[in-house]
Amino acid sequence: MRYVNEGDGEYVSVDGATFRIGRVPFFYLPSYRHYFSGTPYLLDINAGSDGDLGYYIQTTNLFPITSWLRAGANLDYYSKRGLLAGPTAQYVYNSSSQSIVGALSTGAINDKGSQAERDVDTLGRQIRSSRNFMEWRHKHHIGERFTATASASYWSYSDVIRDFRDDIFDENQRPDNFAEVTYAGDNWIVSAFGRFRPTDFQLVQKRAPEARFDLLPIPFSNTGAYHRASASYVQLNEDFGRNAPNITVEGESDRFDLTYRIERPVLLTKWLTLTPLAGARLTQYENQQIDPFSPFLSGPSPVSVDDSFRREIYELGFDLEARAYASYPTLNKAWRIDGLRHLVRPSLRYRYFSDPKDVNGIAAIDRQVFDLKRPLLDLSDLRNVDQIAQSHLVRLGLENLFQTRTEAYGSRTLAELNFYQDIISEKNLRYDEDKEDAYNATWVEFVLNPAPWLKFNLASRFRTESLTLEGLRTGTTIKSGEIWKLNLSTDFLEKRTNQYRLGYINLINERHTFFTDLSFDANSNKFTKFRLGMRTQLGGTWELLYGITFREGARRESDVSFDMQLRLANTE
């Protein structure tokens, strides 16, 4: 064993170490180096009792192998289900020319639960006893221009993570498997993006892969105008499989997509800017097969489409934006307000997309998705490439920003209040298959953060003509330093969701912290989840969490569970 203190830090190294119990060797470590400035290991232990899993203990450990690699295992035991095990790893590498960071987590179990206990997956299939999962995340930077990103999640069944690693499931309930590499030039980006489907319980629009070139906005000669463009080629494939058993033909196409846009800002006055714009999107489809879910298709499924199809869409519009502000000598020591500035940004945006004509000729794979946020306005930004419809839209906006000086330098935002109204002439179908109204939707967005101890945000959408609230999300956080914190959030979608969640954390003393979490579903008029627990600091390194959870109406989780967790402090 050697102790070294060099310019890159203090470390201890071991070469050729053999571990023995008595005279019996059980592990050989050819080389190991531990930097005192780094985390030596990670240990996370979670134990408890669950009606479906029985008594259980879950462990994750990582031990340093080199200065940039830690490796270990997930090792769990469930009295009703058996043993789950799989390797884990984390790697972080930094040099003057590149940086790499990533993590791997795996697990496999021969589930000893009965068929009734294993139940069925999201497609109604009986879950077999052999179950496993793999989670991998990776990010790689080379210099300032090259980036590679990958995210892979393999689940043998839709609920394996939900049953045995619910902390991962809570953060990622519908895994997305993709890989992307990008290279950034001075004013352009070249990229390749692939999306994959390693499992069959999700309907995934696979991309194999999408090669793309983006020209960022640059001046157009000396005209004062700016233009931008993009070109892409992708092979799309959608295998309906178990999601639509009656469909025997896959949806697929080879798609070439070109976009171009030019705009010319004109300063009408010091406070008013007019930006006329024009654009085009040319899309060529080859090797097409059916898309049975397209709302543009008529007649019974399956419907055949031509092998080749070309579409042209043209865009015209303008942005009219005004800017005004007023300053007030407002002072308030309690709220730390030193002067108040109110910025107002009224806007009028107009967009016209030409008629794409025979949209029935497209095997739509990149389709419109359910989303109540403000739709994207620019033709070149739309991702529902295969379902772009004729559009004639005006968006009125009024943005308000309230700011004050910071104690050091600059300003901080105290509040934001924004209003947006869409007015459409070319009416299409809404997400609920209703016809769109002329005054289509109103959005109200509000953020309030006047002090470090108070934050409130609200995002809502109204159906304007009937003044019907279609969506509302709110979040409120109140805290007293590190002593206590209260969170209240709401989530409302008309005819779909109406939920409330309350969370509270209170520091009892330097060692003990009390926490609770309560969820209420107004549609069923039931408290769906209630968790009560305590966190205890053990020295300066470890913390112990223990709590009890009550559930109502959960699809797979038991009604009551108790758990204890031992982990290194500040590992979240």
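Me: Which helix does Arg-118 lie in?
Reply: Arg-118 lies in helix α1, residues 115–118. Helices are DSSP runs of H or I, at least four residues, and strands are runs of E, at least two, numbered from the N terminus. This is a predicted model: local features need pLDDT of at least 70, side-chain atom pairs count only at pLDDT 80 or more, and totals for chains, interfaces and linings use all residues. Residues are numbered from 1 along each chain as its sequence is written, and side-chain values use heavy atoms, with hydrogens and water left out.

Me: Why does Arg-118 count as buried?
Reply: Because its relative accessibility is 10%. Buried means under 20% relative accessible area, exposed over 50%, partly exposed in between (1.4 Å probe, protein chains only).

Me: What does Arg-118 touch, beyond residues up to four places away in sequence?
Reply: Arg-81, Asp-111, Gly-113, Gln-126, Ile-127, Arg-128, Ser-129 and Arg-556. Contact means heavy atoms within 4.5 Å.

Me: And how many Å separate the C-alpha atoms of Arg-118 and Val-160?
Reply: 9.7 Å, with the two residues 42 apart along the chain.

Me: Zooming out. How many helices and strands does the protein chain have?
Reply: Three helices and 31 strands.

Me: What share of the protein chain is buried?
Reply: 39% of its 572 residues.

Me: What about contacts between residues at least 6 apart in sequence?
Reply: In the protein chain, 50% of those join residues at least 24 apart.

Me: Last one: what box do the C-alpha atoms fill?
Reply: Roughly 85 × 70 × 60 Å, taken along the principal axes.
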